[in-house]
Amino acid sequence: MIARALVSRFGPLVGIAVAILLALAVAVPALNLLVPAGSPLHVPTHVVVLLGKWLAYALLAVSLDLVWGYCGILSLGHGAFFALGGYAMGMYLMRQIGPRGVYGNPVLPDFMVFLNWTELPVTWWGFQSFPYALLMVVLAPGLLALALGWFAFRSRVTGVYLSIITQAMTYALLLAFFRNNMGFGGNNGLTDFKDILGHPIQGPGVRAALFAATALALAAGLLIARFVVTSKLGLVLVAIRDAEARARFLGYRAERYKLFVFTLSAAMAGCAGALYVPQVGIINPSEFSPANSIEAVIWVAVGGRGTLVGAALGAVLVNAAKSWFTGALPDYWLFALGALFIVATVVLPKGVMGLAARLRPRKAPLPPQAPVPAQQPAE
Amino acid sequence: MPLARLLGLLALAALTLAAPARAQGTDVAPILARFALDRFPDTQAAIEALAASGHPTAQPVLEALNEGRLFVRTGDRAIVWRDASGPLRLAVSGEAVADAPTRPVRVSNAIRRSLELALGNLSLLAPDPARRLEAARALFRTRQAASLPLLRTALERERDLRVKRAFLEAQAAIVVTATDAPELDRIAAATVLADRGDREAQGVLRAAAVGAPERLAAEIDTSVRAIETRLSLLAMAQNLVYGLSLGSVLLLAAVGLAITFGVMGVINMAHGEMVMIGAYTTFVVQEAIRLHAPHLFDASLLIALPLAFLVAGTVGMAIERSVIRLLYGRPLETLLATWGVSLILQQAVRTIFGPSNREVGNPSFMSGSLDVLGLTLTWNRLWIIGFALAVFLALLFTLRFTSFGLRMRAVVQNRRMAASMGIRTHWLDALTFGLGSGIAGVAGVALSQIDNVSPNLGQSYIIDSFMVVVFGGVGSLWGTLVAALTLGTANKLLEPYAGAVLGKILVLVFIILFIQKRPRGLFALKGRAVES
Amino acid sequence: MLSVDTIDLHYGAAQALRGVSVEASAGRVTCVMGRNGVGKTSLMRAVVGHQRVSRGRVLWDGADVTGLGPAERARRGIAFVPQGREVFPLLTVEENLRTGFSVLPRAQRSIPDDVFSLFPVLSGMLRRRGGDLSGGQQQQLAIARALVMRPRLLVLDEPTEGIQPSIIKDIGRAIRYLRERGDMAILLVEQYYDFARELADTICVMDRGEVVMAGETGRLDEAALRRHLTV
Amino acid sequence: MAAPLTSALLYLDGVSVSFDGFRALNNLSLVLEPGEMRAIIGPNGAGKTTMMDVITGKTRPDTGDVYFQGTHDLRRLDEAAIAELGIGRKFQKPTVFDAHTVEDNLLLALKAPRGVYANLVHHLSGAQARRIDEILETVRLAERRREPAGALSHGQRQWLEIGMLLAQDPALLLVDEPVAGMTDAETAETAELLRRINRTHSVIVVEHDMHFVRELDVKVTVLHEGSVLAEGDLDAVSADERVVEVYLGR
Amino acid sequence: QDTIKVGVLHSLSGTMAISETTLKDVMLMLIEEQNAKGGILGKKLEAVVVDPASNWPLFAEKARELITRNKVAATFGCWTSVSRKSVLPVFEELNSILFYPVQYEGEESSKNVFYTGAAPNQQAIPAVDYLMETEGVKRWVLAGTDYVYPRTTNKILEAYLKAKGVKPEDIMINYTPFGHSDWQTIVSDIKKFGSAGQKTAVVSTINGDANVPFYKELGNQGVKAKDIPVVAFSVGEEELAGVDTKPLVGHLAAWNYFQSVDTPENKAFIEKWKAFTKNPKRVTNDPMEAHVIGFQMWVKAVEKAGTTDSEAVIDAMVGITVPNLTGGYSAMMPNHHITKPVLIGEIQGDGQFSVVWQTPGLVAGDEWSDHLEGSKELIADWRKPMSCGNFNVKTGKCGGRSS
Ligand SMILES: Nc1ncnc2c1ncn2[C@@H]1O[C@H](COP(=O)(O)OP(=O)(O)OP(=O)(O)O)[C@@H](O)[C@H]1O
Ligand SMILES: Nc1ncnc2c1ncn2[C@@H]1O[C@H](COP(=O)(O)OP(=O)(O)OP(=O)(O)O)[C@@H](O)[C@H]1O
Ligand SMILES: NC(N)=O
Ligand SMILES: [Mg+2]
Ligand SMILES: [Mg+2]
């Protein structure tokens with residue numbers, strides 16, 4: 001029923017995906033909490049945690065697909081937005097520890113006590129409040145994206161140049177967050193969380209709730225993204241992606257459109273990070289590492305760029321493969337993963353979703369190959 | 001340092017000077033026996049006693065100890081030594097004996113310093129000017145007042161101007177810090193040091209200033225300040241050189257990418273691994289040379305260069321033919337595939353060579369440093385600067401002035417039309433990618449001289465390389481050159497003030513801001529040709 | 001002698017050519033005409049090898065070249081002036097011309113003088129980048145580039161598009177000259193009927209992917225032909 | 001806003017543009033009255049396209065004035081702002097959005113608010129849908145409306161771009177070589193279409209096809225080496241020796 | 001057949017593989033050896049190797065997988081502090097056991113973790129004492145990679161040096177990013193700092209990969225050990241395998257074990273190791289010894305408890321004593337740290353260390369540094385009834401400073 005309504009409004013793919021997510025959001029917690037551990041239907045907690053992590057990654061992938069797939073902004077710094085959202089949540093969780101830290105300081109997190117800090121730095125103010133933290137989850141990455149985008153898009157930085165400045169951004173943040181003076185825990189980051197909203201974070205109910213929240217957030221993310229790309233604004237985005245100059249001659253201010261999706265996407269990535277952190281239990285500067293952002297791009301490519309659902313699927317597939325390989329083939333898994341990427345590109349030019357499209361009976365003729373224009377060095 | 005020890009040393013030196021044969025009578029056997037105890041205090045004592053003994057065996061034994069050639073014969077705990085080649089000799093008599101199992105007499109830093117002092121004094125009058133120079137420098141550092149008389153004697157005899165100058169400076173260093181010397185002498189000594197004008201001279205002067213009488217203190221103060229000014233100018237120059245050197249490392253790392261990415265448009269995430277392959281090729285070459293032809297070691301890099309080019313180039317061509325060729329017209333997907341390739345190559349190297357660092361040695365011409373005008377230029381860096389420029393120029397020439405270069409550019413700009421001009425695009429694509437990869441391999445040879453040779457080598461350069469190529473302007477070789485040097489220099493000029501971490505952050509911020517000003521990089525191509 | 005033998009051509013699922021046959025031989029000009037989107041360019045692409053045919057054969061010089069790539073065809077003497085110019089944007093005019101050397105033996109690697117006498121503007125712009133030229137200049141460069149290859153089959157897809165009248169006349173004269181030299185076959189797509197009629201020995205009219213009329217220029221029913229060219 | 005400096009719709013005075021020392025426009029002056037259609041001809045490389053680049057904000061002139069409707073200094077505006085003022089353009093090399101269907105190309109061009117929010121909540125009105133149908137008929141692409149523009153032939157892309165210009169409904173149309181690659185019959189029809197448009201819009205057309213220019217039957221400006229060589233009706237300029245020499249040929 | 005599973009949680013790929021892979025291998029060897037002796041409690045041991053790939057969240061994920069899915073009895077793993085911090089909550093939540101074999105910054109004690117590497121008082125402090133006493137060092141460069149272990153160690157050292165009367169201007173502190181490879185400026189700064197006329201030494205907490213270029217630069221710029229000795233806490237035999245050590249002879253490292261230590265236990269161990277890896281050139285190092293000790297202790301504790309049940313084993317661990325490879329016996333202390341000798345070695349031309357000094361007896365690991373405000377008054381004691389990791393001796397309460 002809901003599924004049918006979703007499909008009619010958001011198209012079959014997103015509709016089905018959202019329906020599945022809603023079902024997961026109910027079923028997984030239920031099977032984890034209500035079904036006894038011995039039963040074959042029982043979903044063990046570590047699986048819940050794992051699934052939750054993958055879905056958080058999937059949300060990051062969807063946010064990236066929104067800008068890359070539909071607007072041609074190949075962000076190699078989306079991990080930064082993810083990490084900022086994660087830090088915002090992590091800071092809330094740290095404040096929740098209260099006097100239970102190893103040094104027993106009621107206000108200051110352990111690492112600050114250790115560094116002889118006497119009071120909480122301004123950046124940490126307000127994080128004892130959950131709503132404030134939620135606000136920062138969206139605002140911190142959003143504002144960073146807004147600032148970076150404001151300058152970059154107005155200066156008409158495009159293509160690889162934009163990619164590189166996003167990469168430079170995340171790299172700079174990586175180095176900055178490593179610095180203990182920044183007050184975010186340096187290399188060790190934030191960890192050893194205890195409570196969320198007053199409930200112990202390791203409690204089974206909280207685990208299940210976090211999973212459900214992640215599934216719902218992903219569903220919402222897909223719906224929002226789908227809404228954006230199916231609106232006329234979505235058409236404009238694709239137009240800008242393919243021929244920005246031409247779109248300007250039609251009167252579209254490309255910079256504003258880009259700024260809008262970039263910021264939206266960054267906020268979405270921030271949410272993904274915020275859901276990720278309580279589930280994996282740590283946030284540290286390595287989340288800013290450029291390689292992480294590149295990996296996110298790869299999830300999207302594996303799943304199928306410009307399909308939203310594909311991006312989510314790609315994230316889950318690659319991470320599932322990684323989780324499995326690192327356990328099953330600890331010495332050789334990089335060969336397997338590397339081969340997976342190569343095969344995916346060569347055999348599945350449009351990603352997993354492209355494969356799906358190929359297997360479905362054809363309705364419209366395949367999008368033909370556009371006459372290849374004089375090739376520009378990488379866009 | 002105990003005075004007795006010094007006196008002993010001096011006595012030894014004096015004896016060597018005067019009558020080498022006289023002290024034959026002293027019994028060195030019990031002294032030498034202390035070496036066999038393998039306890040540092042005993043070794044130390046033995047050195048002192050040996051030096052004081054004036055026995056002719058003292059010098060060869062001490063030299064042997066200094067160079068790790070002094071042994072304890074395991075059977076009877078006799079002390080023996082040997083030349084670089086040649087038979088074992090009994091320390092007591094210098095008599096050659098048959099080979100036997102031995103263990104070395106161990107030394108520590110403290111022992112090395114005693115040895116330096118003992119041998120330094122011995123060397124002040126050595127026939128070889130290089131050793132006299134070395135001794136003078138050691139004396140400058142240790143400033144042993146007791147050595148003064150010997151130094152004066154040596155000074156009188158000295159004919160070599162360079163050595164003479166070093167003796168004078170050593171003498172000045174001793175005098176200026178000697179609180180019991182007449183103030184005028186000390187002031188004169190201070191002037192000598194001020195003339196020398198380097199960091200060490202400044203250090204000595206500073207040490208002398210402690211508790212110095214007023215006039216001397218004033219004199220030292222001016223000298224120290226003059227030196228400071230000079231040194232801060234030098235520091236600027238030195239930082240520029242460091243910047244140039246870092247820049248050339250970046251250039252080397254990036255220049256291959258300027259082909260595969262800049263020219264061909266392949267987002268080549270496996271570029272770093274090509275560099276890594278070059279470095280491992282160097283390792284393999286050196287290993288083979290160590291095993292089979294140690295005398296060729298200094299030529300190892302020369303041999304490794306063409307090999308690295310071939311190996312990396314061949315791997316590159318194989319990658320192009322098997323994967324990249326399927327992706328033309330889909331430049332973004334090359335990112336995905338080459339990322340996969342890079343994972344595989346990393347793991348392959350880890351499997352074959354192991355996960356840890358491999359040793360690649362510096363040939364002698366790349367070891368040590370050159371001091372000019374107070375600047376320290378390490379040889380390996382100098383060679384790398386020259387090498388990077390040479391590679392750059394060769395590439396520039398190939399691209400601009402050869403028909404291969406022309407075809408290569410034509411293929412990249414319009415593959416289909418290039419084919420219709422009769423250009424075999426497949427072959428050219430493979431060659432171009434091979435060229436870019438081969439150059440990365442050659443870079444690996446050079447980088448193996450300053451960095452780890454480990455499976456992670458490539459990863460540590462990939463980001464910087466992309467930064468350089470993009471910052472310079474994709475498709476512009478000159479841009480890559482200028483970008484590499486700019487980023488290198490900026491980094492090194494910032495580092496002394498901001499520290500390495502903040503310096504790097506500032507450089508990144510600089511890149512972000514700069515690209516706002518020039519959205520297509522430093523050497524942006526302009527005009528319709530690009531916009532269309 | 002070129003012989004296109006009942007070829008079909010598809011773009012994905014869409015068929016652009018159906019059983020098209022055309023011939024061109026040395027010393028003659030074959031002109032293909034037809035409204036927009038009927039398949040003229042597709043036919044040219046099939047001849048030079050830019051697009052694979054799904055049925056039929058392309059014979060050149062008595063050999064079957066259907067399976068060969070564009071580079072091999074170029075090496076066998078086929079030169080192409082594509083619709084939309086496709087000059088190499090970042091190469092200079094001179095470099096654009098020199099790309100044609102790939103098919104020539106070392107001794108012949110020079111730019112023939114008549115190229116510059118035909119297109120005098122180019123000689124003044126040798127150092128300018130191809131992509132910076134004006135539309136018409138690019139078109140001239142594209143023709144010149146093909147001539148550098150000294151082809152034996154010259155395939156021209158709307159070569160006069162965007163070119164000023166006086167040079168169109170020159171191009172006409174040049175084509176006539178090349179035809180008369182007798183060693184070159186010319187296959188031409190042209191929309192401008194007067195120009196076509198003056199040059200062509202054979203005219204071949206296409207509609208919806210098929211050849212609907214073909215024959216010696218003089219013998220064609222002009223009214224019927226014009227009907228095919230109107231909507 | 002200041003009082004209009006001129007009553008002309010488009011006013012170019014003393015405009016020069018150079019690229020690396022090469023003067024593409026050289027002290028060019030040109031005035032277009034409201035409602036006027038003007039044909040511009042001139043040798044390859046005369047600067048016709050560059051002139052359009054200057055008007056639409058793609059290229060900044062080195063010197064000279066460019067005013068639209070007397071008050072808008074086009075040198076200070078960017079492409080989007082100029083487009084929103086009501087200047088539309090068809091490019092010499094047809095440029096459309098390849099990934100979009102033919103009708104989406106038209107929808108994107110259709111006169112409507114260009115803001116981000118407006119487009120996020122946009123709903124296609126009946127009038128707009130009808131307008132798109134109408135244009136599809138005009139450019140004869142109705143059959144292919146749902147196909148991606150990338151699949152069109154060269155000539156069809158030309159037509160689609162003309163359609164987009166119609167959809168945009170600007171006060172001033174700049175049309176660069178509209179009939180290149182069209183058959184004689186299509187050429188005649190395009191001329192007819194432009195004349196019709198000219199009833200309500202101002203137009204600048206660049207063409208090398210003299211039959212077409214003749215059919216337009218409007219004032220002709222001949223550019224040469226970046227400035228005006230001659231101006232007048234077609235017969236007059238065709239008779240000009242210099243025009244014959246540099247452009248028409250014998 | 002029923003086996004006892006042992007988790008091995010070391011990065012086999014990514015930046016840390018360079019150090020950690022060896023530890024995986026040594027675990028495999030120890031387990032094989034134990035099985036040859038008949039296993040424990042009559043059961044064979046089975047190693048479960050996973051690759052957390054130098055990725056900290058992945059460490060936590062893999063730890064959880066080892067404990068809940070593979071049901072390992074104990075896990076041997078981690079190298080960096082952040083990886084330990086990442087898995088710590090998992091081990092505590094699931095009440096499982098981790099053996100952590102690397103020298104670290106201290107300031108931690110967990111019921112579920114056994115720290116077999118050195119705490120700062122088992123490495124850094126003795127090294128500084130040595131330099132002060134034997135080499136007469138007056139000026140100090142504290143150079144480290146910018147992360148927690150160096151920061152903490154340097155903080156402790158700074159406090160310690162100042163307490164010993166070293167003036168602030170005689171201490172230079174420098175941090176570099178991970179993987180830093182251009183050491184020109186810093187080495188030249190060190191030379192500069194060292195030319196002020198007083199004996200200078202460098203205390204290096206530079207991590208992993210950055211060391212090779214650092215030492216190459218030291219060699220090339222001619223920084224000699226007899227002038228400015230460098231004492232490192234993260235450079236062992238494995239790290240030196242990548243450098244030509246001839247120009248570096250005399251520079252120092254402080255550890256609790258060196259391959260060159262001449263004891264029968266060590267000789268036997270090295271032989272086994274070379275045979276196991278089928279590589280006569282494979283070196284051994286300190287964290288390997290830590291795993292050897294940790295593993296023996298675990299085996300003993302399991303046998304003592306008669307079960308692999310975590311709670312019982314944890315209780316049985318304290319007080320267990322096993323021979324270490326340097327000729328003594330290491331004991332597990334109530335704070336879950338062990339007693340170890342401290343050795344100072346000088347780098348030799350062949351890439352080995354020659355021991356030039358060593359503590360007369362064993363030093364017990366001090367998790368809460370005595371040199372830092374706020375942790376001075378903390379102790380850990382996991383024996384019942386105290387069972388506390390941060391007991392405040394002033395307030396007499398468990399739970400840190402101010403409570
Ligand atoms: N970016 C540039 N760099 C160098 N020269 C340029 C550039 N852009 C245009 N030109 C030159 O400026 C001149 C004017 O070009 P423009 O495109 O305006 O000519 P046009 O009149 O439109 O010609 P056509 O009829 O061939 O389209 C040409 O000679 C061209 O080569
Ligand atoms: N790359 C392509 N992908 C899909 N369809 C294409 C492609 N190129 C052309 N077509 C279709 O094939 C048919 C023939 O196109 P072609 O370009 O051959 O026409 P043409 O006769 O050259 O037209 P024009 O006069 O406009 O140049 C057209 O219907 C066109 O839409
Ligand atoms: N514990 C360490 N060395 O990170
Ligand atoms: Mg065509
Ligand atoms: Mg033009």
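## Ligand 2 and its contacts

In this predicted model, D:Ser153 puts a polar side-chain atom 2.5 Å from an oxygen atom of ligand 2. On its own, ligand 2 has 630 Å² of accessible area, and the protein covers 94% of it.

There are 23 residues around ligand 2, and the ones that come nearest are C:Thr41, C:Ser42, D:Ala151, D:Ser153 and D:Gly155. Why call this a shared site? Ligand 2 is surrounded by residues from chains A, C and D, so the site is shared between chains.

## Where the ligand 2 shell comes from

Helix 1 (40-48) of chain C and helix 6 (154-168) of chain D each give at least two residues to the shell around ligand 2. Helix 1 of chain C makes the largest contribution to that shell, with 4 residues.

Sorted by class, the ligand 2 shell holds 12 polar residues, 6 nonpolar ones and 5 charged ones.

## The magnesium ion on chain C

Through its OG1 atom, C:Thr41 coordinates the magnesium ion (ligand 4) along with OE1 of C:Gln83, at 1.8 to 2.1 Å. These two come from distant parts of the chain, 42 residues apart: C:Thr41 belongs to helix 1 of chain C, while C:Gln83 is in the loop between strand 6 (78-81) and helix 3 (93-98). Both C:Thr41 and C:Gln83 are buried.

Now for ligand 1, which lies between chains B, C and D. Of the 24 residues around ligand 1, those that come nearest are C:Arg128, C:Ser134, D:Lys48, D:Thr49 and D:Thr50.

A polar backbone atom of C:Gly136 is 2.7 Å from a ligand 1 oxygen. On chain D, a backbone N or O atom of D:Gly47 lies 2.8 Å from an oxygen atom of ligand 1, and D:His208 brings a polar side-chain atom to 2.8 Å from one. Taken alone, ligand 1 exposes 640 Å², of which the protein buries 98%.

As for the shell around ligand 1, helix 6 (135-148) of chain C, strand 2 (22-32) of chain D and helix 1 of chain D each supply at least two residues. The breakdown by class is 12 polar, 7 nonpolar and 5 charged.

## The magnesium ion on chain D

Which atoms hold the magnesium ion called ligand 5? OG1 of D:Thr49 and OE1 of D:Gln92 coordinate that ion, at 1.9 to 2.2 Å. The pair is 43 residues apart and links distant parts of the chain, with D:Thr49 in helix 1 (residues 48-55) of chain D and D:Gln92 in the loop between strand 6 (87-90) and helix 3 (102-109). D:Thr49 and D:Gln92 are both buried. D:Thr49 is also among the residues that come nearest to ligand 1.

## Chain C as a whole

Stepping back, chain C has 9 helices and 10 strands. Its C-alpha trace spans about 45 × 35 × 35 Å along the principal axes, and 64% of its 231 residues count as buried. A compact globule with 231 residues would have a radius of gyration near 17 Å, and chain C agrees with that at 17 Å.

Key. Residues are numbered from 1 along each chain as its sequence is written. Chains are lettered from A and ligands numbered from 1 in the order in which they are written. This is a predicted model: local features need pLDDT of at least 70, side-chain atom pairs count only at pLDDT 80 or more; totals for chains, interfaces and linings use all residues. Side-chain values use heavy atoms; hydrogens and water are left out. Donors are N, O and S atoms within 2.8 Å of the metal (3.2 Å for Na, K and Ca); water is not among the atoms, so sites may look incomplete. Buried means under 20% relative accessible area, exposed over 50%, partly exposed in between (1.4 Å probe, protein chains only). A residue is near a molecule or strand if one of its heavy atoms lies within 4 Å of it. A polar contact is a pair of N or O atoms within 3.5 Å; within protein, one must be able to donate a hydrogen and the other to accept it, and residues adjacent in sequence count only if both atoms are side-chain atoms. Accessible areas come from the Shrake-Rupley method with a 1.4 Å probe; for residues, only the protein chains shown count as cover. Ala, Val, Leu, Ile, Met, Phe, Trp, Tyr, Cys and Pro count as nonpolar, Asp, Glu, Lys and Arg as charged, and the others, Gly among them, as polar. The radius of gyration is taken over C-alpha atoms; the globule rule is 2.2 Å times the number of residues to the power 0.38.
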